Amino acid sequence: EVNAIFDDLLLHNNVRWLSKGKVLERFWALRKELETFLLDQKSAKAKPFGDFMKNEEEMEVVAFLTDITSHLSDLNLKLQGKNSTVCDLMSAVRAFQRKLEVFKVHLQQNLLHFPRLLDQTAGKHHRHNYAEFLEKLITNFQTRFEDFPLGKQVLLSIENPFLVKSIAEFSTEAMKVFPWANAATLQTELIELQENLALQESHCDPVTFWTKMVNAAGVPLLQKMALQILTMFPSTYCCESAFSFMNMVKNAYRSTLTNEHLHQCLRLALTPFKPKFKQLVAQR
């Protein structure tokens, strides 16, 4: 009726963390129309909400919350996906930690990374100490990931072993995670790998590199370490995906499926392999 860019509000779902960011973004986009709607209600129930939206200080907090939640939602999206590895997860987290440091600096300057807060304050000095909130967020990230066992040199060796400069540091980090490894053998194999001209020219993703390009007979210990890291689960995406498929397979009309039948159905639904139907039919 008022030509708003959206025609409804979103509802937050506790199961889906990303919905928090979407709800806030939609609310901020419709804040003027919502304020007009609440003022037109002329009811006691709508009055406190209307007063809240007219309060510049309160809406400034909402603007900051919308901005920072949007950044966190972007990070959350990067941590999801079927083909993500633990290396991708740590790269995204470390990049976000560096971004937080930049955000803290820009809060005191031009609000470059906080467009909604800039719009709300019109470039004037904001009333709240948001830098303190960001400092706590930075500390929270550091605490949460400080016990992560894989060091930078080990992760770098998986993503691009030719960029590892400190061989000794690499073997030291690897020994902390893989007690079965031999430091001398790892160092020797990494040097041999880095001097392989054919592999230097192979431009492919880490999974393809370590499973197809690297010869296991040449660097068996290094490849074993790489495969163990690449098969680590970086998130709960696979588990959540499996549950979603299970709910679709075992619905109200198929509630009598046996566990074995359900197991086979899930394997068919989750596998990345596609059957060669023409070949299978030709064999019958």
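Helix α14 (residues 237–249) packs against helix α15 (residues 259–270) at an angle of about 120 degrees, and their axes lie 10 Å apart. Here helices are DSSP runs of H or I with at least four residues, strands are runs of E with at least two, and both are numbered from the N terminus. Axes are lines fitted to C-alpha atoms, for helices over the stretch in contact, with angles from 0 to 180 degrees between N-to-C directions. Angles under 35 degrees count as roughly parallel, over 145 as roughly antiparallel, 65 to 115 as roughly perpendicular and the rest as oblique; α14 and α15 are therefore oblique to each other. The contact (heavy atoms within 4.5 Å) involves Ser241, Ala242, Phe245, Met246 and Val249 of α14, together with Leu262, Cys265, Leu266, Ala269 and Leu270 of α15.

The model is predicted; local features require pLDDT of at least 70 and side-chain atom pairs pLDDT 80 or more, whereas totals for chains, interfaces and linings use all residues. Residues are numbered from 1 along each chain as its sequence is written, and side-chain values use heavy atoms, with hydrogens and water left out.

The protein chain contains 16 helices and zero strands. Its C-alpha trace spans about 80 × 60 × 30 Å along the principal axes. Of the 284 residues in the protein chain, 34% are buried (under 20% relative accessible area, with a 1.4 Å probe and protein chains only). Among contacts in the protein chain with a separation of 6 or more, 62% are between residues 24 or more positions apart.

Terms used:
Buried means under 20% relative accessible area, exposed over 50%, partly exposed in between (1.4 Å probe, protein chains only).
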